[in-house]
Amino acid sequence: MTIGWHFDNTYSKLSNSFKEDIKPTPVHDPELVILNEELASSLNLDFSKIDKKKLAEIFSGNSIPKETSTIAQAYAGHQFGHFTMLGDGRAVLLGEHVVNDNNRFDIQFKGSGRTSFSRGGDGRAALGPMLREYIISEAIYSLNIPTTRSLAVVKTGEKVVRENLLQGAILTRIASSHLRVGTFQYIAATQNIYDLNTLVDYTINRHYPEIKTSKTKVLDLLNLVMEKQCQLVINWIRVGFIHGVMNTDNMTISGETIDYGPCAFMDHYDPKTVFSSIDKFGRYAFSNQPPITKWNLARFAECLIPLIDKDEDTAITLATNLIDNFQNIYEDKWLNMMRDKLGLFGEDKNDKKLINDLFDWMKKNKADYTNTFCNLMGVNSDVVYKNDDFTNWKKEWKKRSEFNNTTQEKQSKLMQANNPTVIPRNHKVEEALTEAYKGNLDKMKKLLTILKNPYDNHSNIEEYQVPAPLSNKKYQTFCGT
Ligand code: AMP
Ligand code: MG
């Protein structure tokens, strides 16, 4: 009955400035809700011979595998612009599981009880938000976007008190690490240069070993994280994803999407789209995500200043020059990403205008973001596209496509690789969650199966592809606390 755990815990060996040694708080009556067998097998883990009761004990943290040294990680964060000392207030890192000798994954329980970082919170999570994280993180993974993943969800058999009494749950999250901008902010705030150096070396060792011996490794680290985060936000924009709570504690150093709270996919195109009930001023609106990424990177840069150069002014100049380049890098990447979505090869000086004209049209006509690109691929013929302005725009696009200097087939392939035909539509996610909360997982499993192949040309899944009817009631998401 070997599961195949291969723990090698490096973070828990760091000093107590970085974490608190703590075990998950046992739960009353755990029950397995869902186990991601495909993910388990990619981690060389085999749960097939373990009965459901034992699985529930494992994924609730009631029964902890040997060779773990469980901790809660310390971090800080700018939450909606305000700096706070935080930390895992409701999560415990079980350990680092190593696959094939070189791939290291954090295994974390989210909702595992109070820690010294809990502040006023109960350390617990509710079933709905944990299943929601499961669905959306797996969808993002299948869209080929770097992300943490979800291995399992258990119900705790205990109630959590929110606005109502809700079923408690624990999510097992897999991440290439949980190092965040906020981790650096926490250590920087303690003003302990030794710890800051330790954190930089730890991070480079774990994520960017290629710069280990560089004489400018700290600046290189900043540069690499900027590159990764820029690519990440480009990917979000590509598929219409709105993270919803891009606080610096929710921004990884690895470049993975993390913390699926009030996130959601945009349906009709509006750059100002916000779903989160607490984002009153649209700080994390769809089109604000790139400038916020830059803002967060500037907070990361600030932490590194003491290590970039002995002379503070020099360090600030070097870091500022680097961060100031974000906009240029982003715009180049954005233009290329949009060319890919439109199946355009090469460059034309009017490309930007062509793209922006399409966005203007989409906004004016409340056209669905995903389906507009599907229409261009010939797989959606909604009535909104029978429109003179759109037809004229298409003519311009076709003219530009003639300069592709390649085959129609290659154009189609490029578009298919960049435009999903199906995304987790808000109303379908809610429908699946409502049933799952009541104990029926059929809809959730069907949704998960469809979302596994988001770039395929599916047949008979129209109900997953049509947006919810435009109604007066705006879709709202809530932080998963
Ligand atoms: P999040 O909004 O999930 O990124 O969480 C922000 C911070 O609040 C993190 O430090 C969490 O650990 C903490 N937190 C969120 N929910 C709870 C809770 N129910 N109990 C304790 N801490 C929490
Ligand atoms: Mg968080």
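This is a predicted model: local features need pLDDT of at least 70, side-chain atom pairs count only at pLDDT 80 or more; totals for chains, interfaces and linings use all residues.

Reader: Why is asparagine 250 called buried, and why is aspartate 259?

Author: Buried means under 20% relative accessible area. Asparagine 250 has 11% and aspartate 259 has 17%, so both labels follow from the cut-off.

Reader: How do you know that strand β2 pairs with strand β9?

Author: Two strands pair if there are at least two bridges between them. Four bridges join β2 (residues 31–35) to β9 (residues 149–161), so the antiparallel pairing holds. One place to look is isoleucine 34, whose bridge partner in β9 is valine 153. Valine 153 in turn has leucine 171 as its bridge partner in β10. β9 and β10 (residues 165–175) are also antiparallel, with nine bridges, and they form a hairpin with three residues between them.

Reader: Why is the pair of tyrosine 11 and phenylalanine 18 called edge-to-face?

Author: The structure holds 23 aromatic pairs. In the pair of tyrosine 11 and phenylalanine 18, the centres are 6.2 Å apart and the planes are at 85°. Tyrosine 11 is buried, at 2% relative accessible area, and phenylalanine 18 is buried at 2%.

Reader: And what makes the pair of tryptophan 393 and tryptophan 397 stacked?

Author: Their ring centres are 6.1 Å apart and their planes are at 10°, while stacked means under 30 degrees. Both tryptophans lie in helix α12 (residues 388–401), four residues apart, about one turn of the helix. Tryptophan 393 is buried at 6%, as is tryptophan 397 at 4%.

Reader: How do you know that lysine 341 sits over the ring of phenylalanine 373?

Author: The charged end of lysine 341 is 4.1 Å from the ring centre. The distance limit is 6 Å, and the charge must also be within 35 degrees of the ring normal. Phenylalanine 373 also belongs to a cluster linked by ring pairs, along with Tyr269, Phe286, Trp334, Phe359 and Tyr369. Elsewhere, lysine 428 lies over the face of tyrosine 464, at 4.8 Å from the ring centre.

Terms used:
Residues are numbered from 1 along each chain as its sequence is written. Chains are lettered from A and ligands numbered from 1 in the order in which they are written. Side-chain values use heavy atoms; hydrogens and water are left out. Buried means under 20% relative accessible area, exposed over 50%, partly exposed in between (1.4 Å probe, protein chains only). Helices (H or I, at least four residues) and strands (E, at least two) are DSSP runs, numbered from the N terminus. Rings of Phe, Tyr and Trp (its six-membered ring) pair if their centres lie within 6.5 Å; planes under 30 degrees apart count as stacked, over 60 as edge-to-face and the rest as tilted.
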